[in-house]
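Take a look at the protein shown here. Follow the chain with the text beside you.

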Amino acid sequence: MLTLLTSAQMRKADEFTIANKPIASIDLMEKAARAFVQCFLKDEFDTSKSVAIFCGKGNNGGDGLAIAHILLANGYENIKVYVINISKKQSDDFAINLQRIEESKCKKVELTKASELKNIKADLIIDAILGSGLNKPLEGELAKIVKAINKLNKRIYAVDVPTGFPAEGKIAGEYNGIKAYKTICFQRPKINFFFPESVDATEKFEVVEIGLDENFIQNLNGDFQFVEETDVKGILKPRKLFTHKGIYGHALIIAGDTNTMGAALLSSMACLHSGAGLTTACIPQSGLKALNATLPEVMALPRDGTLAINNLDKYHAIAIGPGLGFSAEANSLLKSLIAHKKPLIIDADALNTLAENPDWIDRIPENAILTPHMKEFDRLFGRNDGWWERVQSAKIQAQKLNVIIILKNQFTFICLPSGKVIINPTGNPAMAQGGMGDVLTGTIAAFMAQKYSSTEAAILACFIHGRAGDCLSKELFVVTASQVAQQISKEIYKLNKIN
Ligand SMILES: NC(=O)C1=CN([C@@H]2O[C@H](COP(=O)(O)OP(=O)(O)OC[C@H]3O[C@@H](n4cnc5c(N)ncnc54)[C@H](O)[C@@H]3O)[C@@H](O)[C@H]2O)[C@@H](O)CC1
C-alpha cells in the first residue's frame with residue numbers, strides 16, 4: 001500500500017533524503033526536473049515545437065528553470081522562460097538554476113503584468129509558477145497572469161501540481177488556477193487529485209519517481225493510502241485441492257423489488273462469480289421465475305411481505321439493500337439484521353432506510369460495511385461542502401461507528417475504523433451505469449463469505465470490480481453491470497495466477 005503524503009510530509013521526506021542520502025538539494029531538484037522531462041518527452045517528442053515555461057521564484061520555479069536547460073539538451077531549441085515577479089523572495093535552488101539559465105543560451109524574460117502575455121506565442125506551456133508551497137488563494141496580478149496563461153489555449157503541462165490547486169485540504173470556491181492538460185508530479189500523487197474537483201485543474205496526472213527515501217515515506221503516518229496490485233495479490237488466497245463449496249461460505253443477498261429485481265440478480269450474479277460457495281437471494285416471490293431462469297446456481301429465499309429470517313447462522317455474510325425498495329418488511333429486516341453480529345453489508349435502499357432511522361446507526365455491528373455513493377452518504381451523515389469535507393466526515397464516522405465506509409466515486413475511498421483512508425485506483429467512466437453498485441455489493445458479500453476480513457473484502461472487491469471494468473473498457477464505450485459481474489472471476493484468476 002502506498003502512503004500518500006501531505007505537502008508538509010513531502011517537505012520532510014525531501015529534507016530527510018538530503019540529510020541521509022548522498023544527494024544535495026540542488027541535485028534532487030535536477031533529478032526531479034529530469035524525471036519530469038523524461039515523462040514529458042513521451043508525449044511531446046516533436047522538438048521543433050516552441051515551449052514557454054512560466055516560473056515562480058520558489059522551488060517549483062526552480063524545477064521549471066532546470067526543466068528548461070534539460071529540454072535544451074534534449075533537442076528543444078525554441079524555449080523561453082518567463083520568470084514571474086510575484087515576490088522578492090526566492091529559494092536558494094531557484095537562484096542557482098537562474099544563474100545557470102543566465103549563463104546558457106536559453107531566452108529568459110521577467111513578467112510582471114498579465115498584459116505582457118498578449119504577445120506570447122508558444123506551442124506548449126509548462127507551468128512552474130507555484131507548486132506544493134501554495135499557501136493562499138491566487139489574487140491580484142498573479143491571478144490575472146494565470147487567467148491569461150489559460151487563455152493562451154495551449155496544452156499546459158504542470159510541474160508537480162497546477163499553480164493555484166491545493167495539493168490537499170478543502171478546495172474552496174471557484175477554481176481560478178492553471179488548467180493543465182497533464183500534471184507530472186513527484187514521487188506521490190497529490191491527495192486532492194483523487195477528488196472530482198481536480199478535473200478543473202488537470203485532465204490527467206502521472207507520477208514520476210525522484211529518489212526520495214521510500215522507507216522514510218512509508219513509515220510516515222499518512223492518513224491516505226493507495227492500493228497497488230501487489231497488495232491485492234498478497235490478500236487473495238488460492239482455491240486449494242480437496243476444498244468444497246462449504247469452505248467458501250454462504251452469502252445471503254437481501255435485495256430486489258417488483259420494479260428493481262435486476263439489482264438483486266446483478267448482486268447475486270456478482271456474488272457467484274466472486275467465488276462464494278453458496279449464494280442465496282432473498283427476493284420477492286415475483287422475482288423467482290427470473291432468478292431461476294437466469295441464475296440457476298443461486299438459491300432463493302422468497303419474501304412474501306412479512307418475512308423474518310430466523311436462521312441466520314447458516315449465512316457467513318449478508319448484504320442488504322440493492323433494489324430493496326421501502327416497505328415495512330424492508331425496515332424490519334434491516335432492523336433485525338443490525339441486531340445480529342453477522343458480517344453485514346448495507347447498500348442502496350437499506351442505506352436510505354438507515355438515514356430515515358438515525359437511531360439505528362449507532363447500533364450497526366462492528367466491521368459492517370456501508371457502501372454509499374455521494375448522495376447516500378450525505379443523506380446518512382449530513383450535507384458536505386465538497387469532497388475533502390465528505391471524506392473527512394466518512395473518516396470520522398468509520399472511526400466512531402467502528403465500521404468500514406466505502407465512499408464510491410471514480411476513485412473509491414475505503415474508510416477504515418482505524419482512521420486510515422484507502423484509495424482504490426481501478427475503475428473508469430465507462431462503468432458509470434446503473435447496477436454497478438449492486439455488483440460491487442455482491443462481490444463484497446462473496447469475499448466476506450469466503451472469510452476474508454471486512455477490510456480485506458472491501459479492498460479486494462473495490463479493486464477487482466474496477467479492474468474488471470478497466471479490462472472491458474479497452475474494447476467498449478460503456479460496460480454494463482452484468483458484463484462486469486461476469487468478468488470478475490477472470491480478474492481474480494489473473495491476479496491469482498501470477499502469484
Ligand atoms: N520533495 C520535495 O518537496 C521536492 C520539491 N520540489 C519542488 O518544490 C515545490 C515546492 O516548492 P516551495 O516549497 O518552494 O513552494 P512553491 O515553489 O510552490 O511556492 C513558493 C512560495 O510562493 C509563496 N506563495 C504560496 N502561495 C502563494 C500565492 N497564492 N500567491 C503568491 N505567493 C504564494 C509561498 O511563500 C511559497 O513558499 C514542489 O511543488 C516541487 O515542484 C522539487 O524541487 C523536488 C523535491
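**The model**

This is a predicted model: local features need pLDDT of at least 70, side-chain atom pairs count only at pLDDT 80 or more, and totals for chains, interfaces and linings use all residues. Residues are numbered from 1 along each chain as its sequence is written. The term pLDDT is the predictor's confidence in each residue, from 0 to 100. The protein chain averages a pLDDT of 96, and 100% of the residues score at least 70. The model has an ipTM of 0.98 and a pTM of 0.95.

**The whole chain**

The protein chain holds 16 helices and 18 strands. These are DSSP runs numbered from the N terminus: helices are H or I with at least four residues, strands are E with at least two. The C-alpha trace spans about 80 × 50 × 40 Å along its principal axes. Of the 499 residues, 48% are buried. A residue is buried if 20 or more other C-beta atoms lie within 10 Å of its own, exposed if 12 or fewer, and partly exposed in between, with C-beta atoms placed from the backbone.

UniProt places the feature "domain: YjeF C-terminal" (unreviewed entry) at residues 228-495. UniProt positions use the numbering given here, feature names are shortened, and annotations may be inferred rather than shown by experiment. The end C-alpha atoms of residues 228-495 lie 12 Å apart. The span is 44% helix and 12% strand.

**The sheet**

Eleven strands form an open sheet with mixed pairing. Their order is β1-β9-β18-β17-β16-β15-β14-β13-β10-β11-β12. Which strands stand at the edges? They are β1 (2-3) and β12 (299-300). Each has a single partner strand, so one side of each is left without a neighbour in the sheet. Two strands pair if DSSP finds at least two bridges between them.

Strands β16 (residues 404-407) and β17 (residues 412-415) run antiparallel and are joined by three bridges. L407 stands opposite F413 in β17.

**A recorded site**

For "binding site" (unreviewed entry), UniProt lists K408, N409, Q410, F411, T412 and G437. They are spread over 30 residues of sequence, yet they cluster in space, with a largest C-alpha distance of 13.6 Å. Q410 lies in the loop between β16 and β17. Is Q410 buried or partly exposed? Q410 is partly exposed, with 16 other C-beta atoms within 10 Å.

**Two helices**

The expected span of a helix is 1.5 Å times one less than its number of residues.

| Helix | Length | Span, first to last C-alpha | Expected span |
|---|---|---|---|
| α14 (residues 436-449) | 14 residues | 20 Å | 20 Å |
| α15 (residues 454-472) | 19 residues | 27 Å | 27 Å |

In α14, 14 of the 14 residues are buried, so α14 is largely enclosed by the rest of the structure. In α15, 15 of the 19 residues are buried, so α15 too is largely enclosed. Just after α14, K451 takes a positive phi of about 70 degrees.

**Around the ligand**

How many residues surround the ligand? The count is 32, and the closest are D14, G58, N59, G131 and G133. A residue is near a molecule if its C-beta atom, placed from the backbone, lies within 6 Å of it. Helices α1 (7-20), α2 (25-43) and α3 (59-73) each supply at least two residues of this shell. α3 gives the most, with five residues.
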